[in-house]
Amino acid sequence: MAEALLRVRDLATHFHTEGGVARAVDGVSFEIERGEMFCLVGESGCGKSVTALSIMQLVPSPPGRIVSGSVMLAGEDLLGLPPGRMRRIRGEKIGMVFQEPMTALNPVFTIGSQITEAIRAHRDASRGGAARMAVDMLERVRIPDPSRCMGLYPHEMSGGMLQRAMIAMALVCRPVLLIADEPTTALDVTIQAGILRLLDDLRRELGMSVLLITHDLGVVAQVADVVAVMYAGQIVEYADVKTVFADPLHPYMISLLRSLPTLGTRKKKLDAIAGQVPDPRRFPEGCRFHPRCYMAAPECSRVNPELREVRTGHRAACIRLEGYWQPGSSPPVTPVTRPRERARDV
Amino acid sequence: MTAYIIRRMLYTVPLVLGVCLITFFLFEWMFTPRLRAIRMLGEKHVAEERLQEVIQAHGWDKPLFLNLKADALGVANQLDLAGLKAKALLLAANAGLQGHRVVTDTRFSQHMARLLLFRFGRSEKTNEPIGRKIVNGMVPSLTLMVPIFFAGLFVSISLALVVAYFRATYLDLGVVIVCVCFMSVSILVYIIGGQYVLARHMKLFPVYGYAPGVHSIRFLLLPVLIALLKGLGGDVRFYRTIMLEEVSRDYVRTARAKGLTERVILFKHVLKNAMIPILTRTVLHIPFLFMGSLLLERFFGIPGLGNMTIEAIESADFPVLSAMVYLGALLFALGNLATDISYTLVDPRVRLR
Amino acid sequence: MNEELVTMQARSLWAEAWHRLRRNRLAMVCLAVISVYFVLGLLDMIPVARTIGTGEARTPVEGTLVDWLFARVVGEVTKEESYVPPGEGAHVLGTDIQGLDILYKSVKGISTAVVLGLGTAAIYIPLGLLFGIVAGFFGGLVDDLIVYVYSTLACIPGILLLIALMTVMGKGTPQLCIAMGVTNWVGLCRLIRGETLKLREADYVLAARAVGAGPFRTIFLHLVPNVFHIVIIAFTLGFSGIVMSEAVLTYLGVGVEADTISWGMMISTANMELTRHPVVWWQFVSSAVALLMLVLAFNVFGDALRDALDPRLRTE
C-alpha cells in the first residue's frame, strides 16, 4: 500500500496561560493519503485549528508549545527539522489558507505582488515569469479578469474573490498538501459552495491532498473523503465520510447529527447537546465527553478512551462500544450494540 | 485631490482666526495698557504722564473693539439726527473709509490685520522688523532641527525594528526598561548635564556658540546628540508598540505560511504597515522644525527662532510673542494638512473622496 | 435593573484591573514610591507651630509638619555655610548658596510637585470630562463648537501657549496650575469624547434611554463610570509631564515664584553652579534624582495601569 502523504502521531500542543496549561491538542493521530480530501471537524475550541498550525509549526510560541508527537510528510518528521528547512517547506510543500481573507492578506500590497512574492520565495523566477505564473493560477481559481486582479488591493475585492486569491497564493508553488482552516466560515452561504467545489476540483487537477478544517457538517458531507471528528483536543471518531454519516458510532457524533434540523419533520424544539465544551485547562476526568453523554456509564469517568478500530476502517474512542474491546477481553462496562437506539429519537 | 486640499485649507481658516482671537485675548485684553507700559518701563513706580506717553506712543490707547471716537462720529453729530444716530454712524463710517479715522480703527483690528496680513510690525524691545527677524532666525533653527529630525527617525525606527525582531527576549525587555528610564529624565537634566559633562568637563564639544555656514557643524554636534538621547526613549517605545501590534496581525501569519523569512516579514510587510501611524506622527512635526527648540538654542547660544522666543518672554515683547504663537499655529495647521495628504499616499485603503 | 448591571460591570473592571496590577511587582513598587512622595507632599501642607533655638533664643517660626519631622529626624534647618559638599557635617546632600540643606530642599520640592500635579488635575479633569462627555453625548452643534474650541487651542504649540499664559498671568504656583490645566484638558477631552461616542451606541445606554432615563441621569450613571478609567490613566500618565513642565517653565523664568522651593528652581540654579570652581554639583544631582524617581514611578505605574484597564489605549 502506498505510504500516506501526511502521518500525524500522538501530536500534543499545550498553551501556558494565566489560568493554567490549556491542552489544546492532546494526543492526535491520523493519516492523509495522496489526493485525499481529509476533513477535521469539531466545535470551536476543540483544537482543530491548533492541529493545523502545529503541522505548519505556526503556533504562537510564547504561550504555545508542541510538546510531543511526530508529523511525517512523505517520510520526513517536520517537528524535528531545523527552522530554515521548515520555512522552505511552508508555501512550497504545504500551502495554507485561512479563515478571514480580509485580514489574512496584507492591506498595503497588491494581490499580484503578494502572489509573486510567494513564487519568488521558493522558485528562481523573473518578475515577468512570476507574474505570468500568478495570472495563470488566478485563472485556475476562476477569478474573472485575472490580470486586472493582479493590480487590485485586498480591500477592493469581495470576500469570495479574496478567498480564491488566497487559495491561488497558497497553491502557486504546487504544494502536495493544502491546509484549509475554515475557508468558508467567513463567507456568504451562497459563495461557500463555489469555494468548496473549487477546492475539490483543484485537488483533482493538481493531484494534491487537502486537510479541510471546519465546524460545519454540511461542508463535510459535500466534499470530504475521510472524516475525523475532534472533541476537547482528541479525535473521537475517524472513518470515511459515508460511514460516518450513515453509521456514526461515537455518541458525540450521533448527538451532532441529531441536532441538525431535517427538512420535512416537525419538531417543537431544536435538540442541542446539553452542557458546554470543557475548558481546555480543566478537562473532565476520564472520557472528556462523558458529562454531556447520553450513554455515559460510571466507568466513563475513570477511563479516557483512546482511538481504536471498532469496525474495519472505522475508528472511535468510546469504551461503551461493542468492538472497542478485543474479543475475549472483559470490558469494564457493558457494551452497547447499536448506540443509536439509545438516543431519544433517530 | 486638489478639491480635498482646498476643503481642508478652508477648514483651517476658522482655526487660524480662533488662534488670533486667543492671542488677542491674552496679549491685548488681559494685559491692560497700563500693565504693559509698566512692564515695558521696567520700574515699579512710574509717573502717570510717563505711562500715558508710552501708552499713546504705542497706540495702546485705542479702544478694544469699536472705535467710536473716530472723526466719523463728529460728522454724525453734525448731522444731528438724534433718532437716526446709528444710521448716521454707518454713513460716517463709510465716509471714513476714504482716509478718516474709522470705526474699525481699534486694537482688535490692528491685531488681526497684523497677524493675518503677516505685517508683524516691530519688536518692542529692539525695534527690529519682526518679519526680518523671523526669516533670519529660521536658518539657524533649521540647521539644528533638521539633523535631529532625520537622525532621530533613522535611529529610532532601526532600534524599534531590532527590538521587534527580538521580541519577548531579554534584549527586548532591556530596551524597554532603558527607554522608559531615558524618557523619564527631564530635558533640562540632559542639557545641563550633557553640557557640563561632555563639553566643560571632557571638553569633547564646544560649550556653546554658533557660526554661520559649514562651521556651524561643530557647534551643533552636542545639541543634536542631546536631543537624540532625549527623544530616543519615547520614540522607540512608541514605534516598538506599533510594530508589535502589526506583528500579531493575521497577514503576518499568512506571510509565514508562505514560507517567507522573518527578516522579509519584518522589513517589508510589517514596516510598510507600521509606517502609516509612524508617518502620521512624524509628518506632524515637520513644520515645527522651523520654530527651533527653545531650550537647546538658549543653552547652546544658537541664534534661531527658539532663542528669539525666549528673549521675547524675558522682555515681555508681545508683538514677537504673538507672532511666534501665530506662526506656530499656522505651522501646526500645515502639519495636519500634510499628515492627511501623506496618509492617502501611503495607505491604499484611504483614497480621497 | 439595567443600571445595576452597568455599575456592576464598572466595578468588576476596577476589581479585575486591581487584581492584575497587584501581581505586577514592579508596578507595586512604583505605587509604593508614589505613595511615599504623596504622603510627604500632603504632610507638607499641614502647618505646625514650632520654635527653634533653646532657652533665651527661642523664636517661634512658621512651618509645616514636614519641617517639624525634618527637625526631629535630621536636625533643624538653618541658613548655614553655603556650598557645603555632601557628607560633610550634618548635611547628607550638601547645602546650597544660602546654606540651606539640599536634602531638605529636595523633600520640600515634593510638595510643590504634588500641589502642582493635583492642582492642575483639579482643573483639567473636570474640564476635559465635562466637555468630552457633552460633546460626545449631545453631538450636533454642541459637539462642533467644542471640537472647534479645542482644535483651536490644540493648534498652538503647548509650550508656547504655556509661556504665553504665564507671561500674562505672572509667575506663581496657582498660575501654573491654571496655565497647565488650560493646556492639558484638550487631550483628555478628545479621549473622553471618542469613548463617549462609542458608548453612546452601546446596548445598555440605549436600554436606559428606552426605559426613559433622562440625559443627565444617563450620563452620570452610565457614561461617567465607564469613561472614568480614561481619566485615571490620563492623570497617572500626565502627572510626570506636569512636573517636568514646571522645571522647564521655572528655568525660563515663567514658573514658580522665586521664593518657592521646587526642583525646577534647584535645577535652574544648577546651571550657574556647575560653572563654579570647585564644581557645585549636589543640588543639581539631588533635584534631578528626586524628579527622576517620581517621574519614572508614575510612568511605569501608569503603563501598568493602562495595560490593566484598557490595552487599546496604548497607541493613542
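A residue counts as buried if 20 or more other C-beta atoms lie within 10 Å of its own, as exposed if 12 or fewer do, and as partly exposed in between, with the C-beta atoms placed from the backbone. The model here is a predicted one, so local features need a pLDDT of at least 70 and side-chain atom pairs count only at pLDDT 80 or more, while totals for chains, interfaces and linings use all residues. Residues are numbered from 1 along each chain as its sequence is written, and chains are lettered from A and ligands numbered from 1 in the order in which they are written.

A:Gln57 is not a glycine, yet its phi is positive, near 55 degrees. This residue sits in the loop between α1 (48-56) and β4 (64-73) of chain A; helices (H or I, at least four residues) and strands (E, at least two) are DSSP runs, numbered from the N terminus. A:Gln57 counts as partly exposed because it has 18 C-beta neighbours inside 10 Å. A:Arg174, also no glycine, has a positive phi of about 55 degrees. Its place is the loop between α7 (159-171) and β7 (177-181) of chain A. With 15 other C-beta atoms within 10 Å, A:Arg174 is partly exposed.

Next comes the meeting of chains B and C. Chain B puts 37 residues into the contact and chain C puts in 35, where two residues are in contact if their C-beta atoms, placed from the backbone, lie within 7 Å. On the side of chain B that touches chain C, several helices supply at least two residues each, among them α1 (2-30), α10 (217-247) and α15 (318-346). By class, that side of chain B has 30 nonpolar, five polar and two charged residues. Here Ala, Val, Leu, Ile, Met, Phe, Trp, Tyr, Cys and Pro count as nonpolar, Asp, Glu, Lys and Arg as charged, and the others, Gly among them, as polar.

Chain C itself has eleven helices and two strands, and along the sequence they run α-α-β-β-α-α-α-α-α-α-α-α-α. Of the 316 residues in chain C, 44% are buried. Take the contacts in chain C between residues at least 6 apart in sequence: 63% of them join residues at least 24 apart.

One residue of chain C gets a look of its own. C:Gln98 lies in the loop between α3 (65-73) and α4 (102-138) of chain C. With 10 other C-beta atoms within 10 Å, C:Gln98 is exposed. From C:Gln98 to C:Trp18 is 80 residues in sequence and 46 Å in space, C-alpha to C-alpha.
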